[in-house]
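Me: Could you take me through how the features of a model such as this one are read, giving the general idea before each case?

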Amino acid sequence: MKIALMDSGIGLLAAAAAVRRLRPDADLVLSSAPDTMPWGPHTPEEVTERALAVARAAAELGPDALIVACNTASVHALVALRAELEPRIPVIGTVPAIKPAAAGGGPVAIWATPATTGSPYQRGLIREFADGVEVTEVPCPGLADAIEHGDEPAIELAIAAAAERTPQDVRDVVLGCTHYELVAERVRAAVRQPGLAAPGLYGSASAVAAQALRRVGAEAAPDAAPTGSVTVLLSGRTATLPDTALGYPEGLLLQAVTPAH
């Protein structure tokens with residue numbers, strides 16, 4: 001079984017690690033485009049063009065499914081990706097985990113990129129899954145880029161700024177960008193208030209990993225022999241994980257089975 005994941009950069013690490021934990025015997029293809037990121041500031045047409053290029057590179061290796069481990073690409077390019085690849089390769093998009101977060105009754109904060117915050121797409125999800133729940137959309141300018149480049153001071157500043165915009169009484173925080181899951185506990189610490197329980201965090205990695213297995217008719221087997229390989233494609237070129245990826249536990253987990261080139 002071979003599962004491909006795509007993103008503009010290292011935001012795919014969280015979902016890739018989730019697949020790895022569910023099926024240590026699955027081969028993974030990690031396809032990203034560091035030459036063209038960030039995608040957020042670009043038009044939907046430009047995002048679609050970039051996403052298709054990354055997906056095509058992964059598709060050449062014959063995966064059984066493709067996870068679009070990027071909220072921006074899922075919003076703008078999912079229809080085009082499915083039109084080109086399905087039914088040959090099932091395509092699984094990433095949706096912010098607003099529904100499970102809102103099930104607790106709120107208040108809920110949604111951390112997302114400035115482009116996604118306030119977008120018709122996100123507002124539609126809020127209306128559909130969080131009707132009657134107090135929801136605050138929190139833009140996080142610069143956070144995804146800082147995570148991508150492993151810029152610790154910039155990460156701290158961006159998290160602190162977003163925490164300031166987050167109401168103090170939130171019970172749950174939706175991580176509306178796949179990059180944010182790589183610093184999830186730092187987000188939790190930043191928004192936790194003295195004397196109150198730590199807020200719940202809701203990412204998408206585990207859900208999309210499980211959905212990918214369902215789409216290929218596979219069961220979770222976390223105790224399977226860790227025989228799965230990891231192939232890294234950077235803008236279509238076979239490579240190794242970027243050094244910045246190794247600054248996160250998810251990157252270290254995947255490095256252990258990434259061949260050197």
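Reply: A contact means heavy atoms within 4.5 Å. In the protein chain, among contacts between residues at least 6 apart in sequence, 77% join residues at least 24 apart. This is a predicted model, in which local features need pLDDT of at least 70 and side-chain atom pairs count only at pLDDT 80 or more, while totals for chains, interfaces and linings use all residues. Residues are numbered from 1 along each chain as its sequence is written, and side-chain values use heavy atoms, with hydrogens and water left out.

Me: How many helices and strands are there in the protein chain?

Reply: Helices (H or I, at least four residues) and strands (E, at least two) are DSSP runs, numbered from the N terminus. The protein chain has 10 helices and 10 strands. Its C-alpha trace spans about 50 × 35 × 35 Å along the principal axes.

Me: Is I155 buried or exposed?

Reply: Buried means under 20% relative accessible area, exposed over 50%, and partly exposed in between, with a 1.4 Å probe and protein chains only. I155, found in helix α7 (residues 152-164), counts as buried because its relative accessibility is 0%. Leaving aside neighbours within four places in sequence, I155 is in contact with L143, A146, I147, V183, R186 and Y248.

Me: Where does T113 lie, and which residues is it in contact with?

Reply: T113 lies in the loop between β5 (108-112) and α5 (120-129), and it counts as buried because its relative accessibility is 15%. With neighbours within four places in sequence left aside, T113 is in contact with C177 and Y180. For the protein chain as a whole, buried residues make up 51% of the 261 residues.

Me: Which residues line the largest cavity?

Reply: On a 1 Å grid over the protein atoms alone, a cavity is a set of points where a 1.4 Å probe fits but cannot get out, and lining residues have an atom within 4 Å of a point. Grid points are joined across faces, edges and corners, and a volume is the space filled by probe spheres set on the points. The count comes to 1 cavity of 30 Å³ or more, and about 60 Å³ of space lies in the largest cavity. The lining is formed by G9, I10, L12, L13, L30, S31, S32, V232, L234, L241 and P242. The elements that give two or more residues to this lining are β2 (27-32) and β9 (230-234), with the largest share, 3 residues, coming from β2.

Conventions:
1 Å grid on protein atoms, 1.4 Å probe; cavity = no way out; pocket = protein on both sides within 12 Å on 5 of 7 lines; lining within 4 Å.
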